Amino acid sequence: MLLQNDNGQASIWTVNGTSLVSSAAVGPNPGPTWHLKGAADFTGDGKAEILWQGDSGQSSIWTVNGSTFVNGFALTGDPIDPTWHDVGTGDFNGDGKADILWQNAAGKVAMWQMDGDHVASNTSVGPAAGLSVIGTGDYNHDGKANVLLQNANGNVTQWQMNGDHIAETLTVGSHTVDWHMV
């Protein structure tokens, strides 16, 4: 498990069932203005890297070996401002490297297709006014991540993706808004 405390420090916990096997701090403490956004294999080496986003909108990826910090690099490109938030990761184009999905408060969705430590392409995916991205995953088993979105009434939509293009929009269903995907 990847965790972050209120002061900003990241930690990796190894668990066996409900038993904590080990825990270790990861890397330097970036401080409370930086937030863990997830872990994914951005480099295609079979190991997960750690994705961070700061309150200023800046993003960074840390490479780690187990719980040992190896290197950190800042990501550059649009959108880099506090109105955009990393809302998911996944291999949207099937190249074996995780990409980053962004959404702003107006509902616009953008994607960074990643190649290790740099943004290979930056594309607007589509407007999603009234919808919030709630998850990513390869829901149709084609080797490419897709996007789940939900509106204020609980209706769930799936964008089946082909890279940074929406190949198909499907209605998944509806549930009460007091349930949240994790």
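The side chain of Asp41 reaches the backbone nitrogen of Gly44 at 2.8 Å, and a polar atom of that side chain lies 2.7 Å from the backbone nitrogen of Gly46. The model is predicted, so to read it note that local features need pLDDT of at least 70, side-chain atom pairs count only at pLDDT 80 or more, and totals for chains, interfaces and linings use all residues. Residues are numbered from 1 along each chain as its sequence is written, and side-chain values use heavy atoms, with hydrogens and water left out.

- Asp41 sits in the loop between strand S4 (34-40) and strand S5 (49-54); strands are DSSP runs of E with at least two residues, numbered from the N terminus.
- Asp41 is buried yet has no salt bridge, and the nearest side chain of opposite charge, Lys97, is 8.6 Å away.
- Buried means under 20% relative accessible area, exposed over 50%, and partly exposed in between, with a 1.4 Å probe and protein chains only.
- A salt bridge is a side-chain nitrogen of Lys or Arg within 4 Å of a carboxyl oxygen of Asp or Glu; for charge, Lys and Arg count as positive and Asp and Glu as negative, while His and the chain ends are not counted.
- Leaving aside neighbours within four places in sequence, Asp41 is in contact (heavy atoms within 4.5 Å) with Gly46, Lys47, Ala48, Glu49, Gly96, Lys97 and Ala98.
- Asp91 is placed in the loop between strand S8 (84-90) and strand S9 (99-104).
- Asp91 is also buried without a salt bridge, with Lys144 as the nearest side chain of opposite charge at 8.6 Å.
- Not counting residues up to four places away in sequence, Asp91 touches Gly96, Lys97, Ala98, Asp99, Gly143, Lys144 and Ala145.

**The salt bridge**

- Side chains of opposite charge can pair when their charged atoms come close.
- A search of the whole structure finds 1 salt bridge.
- Asp115 forms a salt bridge with Lys97, and the closest N and O atoms are 2.4 Å apart.
- Asp115 lies in strand S10 (residues 108-115) and Lys97 in the loop between S8 and S9, so the pair ties together parts 18 residues apart in sequence.
- Asp115 is partly exposed, at a relative accessible area of 30%.

**Loop between S12 and S13**

- Lys144 is in the loop between S12 and S13 and counts as partly exposed at 22% relative accessibility.
- The side chains of Lys144 and Asn162 are joined by a polar contact of 2.7 Å; a polar contact is a pair of N or O atoms within 3.5 Å, where within protein one must be able to donate a hydrogen and the other to accept it, and residues adjacent in sequence count only if both atoms are side-chain atoms.
- Lys144 and Asn162 are 18 residues apart in sequence, with a C-alpha to C-alpha distance of 6.9 Å.
- Beyond its neighbours within four places in sequence, Lys144 has contacts including Asp91, Phe92, Met161 and Gly163.
- His141 belongs to the loop between S12 and strand S13 (146-151) and is exposed, with a relative accessible area of 72%.
- Phi of His141 is near 60 degrees, a positive value in a residue other than glycine.
- Most residues other than glycine have a negative phi.

**Strand S12**

- Gly135 is in strand S12 (residues 131-137) and counts as buried at 7% relative accessibility.
- The C-alpha atoms of Gly135 and His35 are separated by 18 Å, the two residues being 100 residues apart along the chain.

Definitions and conventions: Helices (H or I, at least four residues) and strands (E, at least two) are DSSP runs, numbered from the N terminus.
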